[in-house]
Amino acid sequence: MESTWWTALSLGAGYVVSLLLVRSALMRKRSQPVATVAWIMVIVSVPFLGGLLFLIFGINQVERRLKQKVAASRDLADSLPDLTNYVSSPEELNDLQSRLARLATVTCGLPVTAQNRIEILGDAIAAQDRIEAAIKGATDCIHLEYYIWRPDRTGRQVRDLLIDRARQGVTVRFLYDGIGSIGLSRKFLNPMREAGIRVASFLPGKSLRERWSLNLRSHRKIVVVDGRLGFTGGMNIGDEYVGRRPQIAHWRDTHLELHGPTVLQLQQVFAEDWYYATDEEVTSPSRFPVPSETGNEVAQVVSGGPVGESRPFHALMFTAINEARRRVTLTTSYFVPTAALVMALETAALRGVDVRLLVPSQSTYYWTLMAGRSYYESLLRSGVTIHEYTKGMLHSKTLTVDGCWSLVGTPNFDARSLNLNFEVAVAMFGSRIARELEEHYEADLLGAVPILSAEWDGRPLRKVFIENFFRLFSPLM
């Protein structure tokens, strides 16, 4: 009898807590009704585990911290240098480019700039070598912001390079994400601090309540050296990114090396994040030098995060695909699109646009792979071409439209990147970069397999069930 009462009491308590969490979900998800329904399903169907998952993954708005982020950016804005001298002339852009440029400027605040030199780094090892060479050559300051920094051989190698430069008088600031780089211990970081490197964590927050949330991550990868040379893209710092983990095999990523005004914009994104994390202003004119090495690329750094109602990357990708008239080429390491993005891809293909999609055949997270595959059927029927990369791990995040506009950076084509993370990318306006990215895409197809509609429709029903099950939770991934 006693055990029966205890069981009943436990179940009752579980459902009371569930009801309270359902109320919290309703209060927090006003602008995301699909995600609200998904979380309510999780909380109610699995009372204890579902509630725990909601506390960890579902609290997407830590209001006080987000308000602080907005306030930090606003406070710093007046101290940052004026970049209007580098703004591109509207005459340099065609109609499609102009519309996308205006959207990005309105949603993230950074203008289109001219006279940039940009190099695509499609080989992860070569990209890592470039970054390390840039660090070794630094004479004034090095700023780094990373989502994942592993305390492994590669992580220690780059750390020690930074320590060497700091001991030579170079100012080094290192900002890491509190969850993505959770493996960084005091033992790993103390030698950096002892050498004079300024180290800070982006999040989690200071309170116990805020530490429950695994959202609001800084997924950015930024390196700025002497205010003149910048890097951003898909690569983090760790052995897997440079082929030092045999079980992963080949790692396919895309990074950018930047020279010119876009470096100053990348520096500004870092400065805002650093000020938010530390209250230290990075606004000295010496940190924003006049570009000494320029090129002929027109480009724009785009930054976005879960602040307010605007989601810059979701709006930009949705609009770019809708504006396409000839060709869309998309590569992403995580494909769990929102309903709006699925509709954009399908309607583009239906109106005759050549829509091509390259996604991984393996993933760190099985459930995201399965959820993404649940969208294949309708995409294939609409005429979208889909390939899965089988040569190794695909981690690139690139998008080109009509051979004249490109986006390369940190955001994946999934709800988490576009709605919950702080991301950064570079939009490029011109045919050379788009053509080179499309050439990389064609080369990647040599290590990929096509997904054919007839074969896909004949897959086992158990796979369909698994895919559709995980799709229920796609707004949360």
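Buried means under 20% relative accessible area, exposed over 50%, and partly exposed in between (1.4 Å probe, protein chains only). The model is predicted, so local features need pLDDT of at least 70 and side-chain atom pairs count only at pLDDT 80 or more, while totals for chains, interfaces and linings use all residues. Residues are numbered from 1 along each chain as its sequence is written, and side-chain values use heavy atoms, with hydrogens and water left out.

**View 1. Salt bridge between Glu297 and Arg432.** The side chains of Glu297 and Arg432 meet at 2.7 Å, N to O, in a salt bridge (a side-chain nitrogen of Lys or Arg within 4 Å of a carboxyl oxygen of Asp or Glu). Glu297 belongs to strand β9 (residues 297-304) and Arg432 to helix α16 (residues 431-445), so the pair ties together parts that are 135 residues apart in sequence. Helices (H or I, at least four residues) and strands (E, at least two) are DSSP runs, numbered from the N terminus. Arg432 is partly exposed, at 33% relative accessible area, whereas Glu297 is buried, at 7%.

**View 2. Salt bridge between Arg327 and Glu438.** A distance of 2.8 Å, N to O, separates the side chains of Arg327 and Glu438 in their salt bridge. Arg327 lies in strand β10 (residues 327-331) and Glu438 in helix α16, so parts 111 residues apart in sequence are tied together. Glu438 is buried, with a relative accessible area of 11%.

**View 3. Salt bridge between Asp177 and Arg217.** The closest N and O atoms of Asp177 and Arg217 are 2.8 Å apart. Asp177 lies in the loop between β3 (171-176) and α8 (186-194), and Arg217 in the loop between α9 (208-211) and β5 (222-225), 40 residues apart. Both partners are buried: Asp177 has 0% relative accessibility and Arg217 has 3%.

**View 4. Surroundings of Phe335 in the largest nonpolar core.** A nonpolar core is a set of buried Ala, Val, Leu, Ile, Met, Phe, Trp, Tyr and Cys residues joined through side-chain atoms within 4.5 Å. The largest has 75 residues, and Phe335 is among those with the most contacts inside it. Helix α10 (residues 261-278) gives the largest share of this core, seven residues. Beyond four places in sequence, the contacts of Phe335 include Leu345, Leu357, Val359 and Phe413, contact meaning heavy atoms within 4.5 Å.

View 5. Gln128 lies in helix α6 (residues 124-136) and is buried, at 4% relative accessible area. Leaving out residues up to four places away in sequence, Gln128 touches Thr154, Val158, Met235, Ile237 and Val242.
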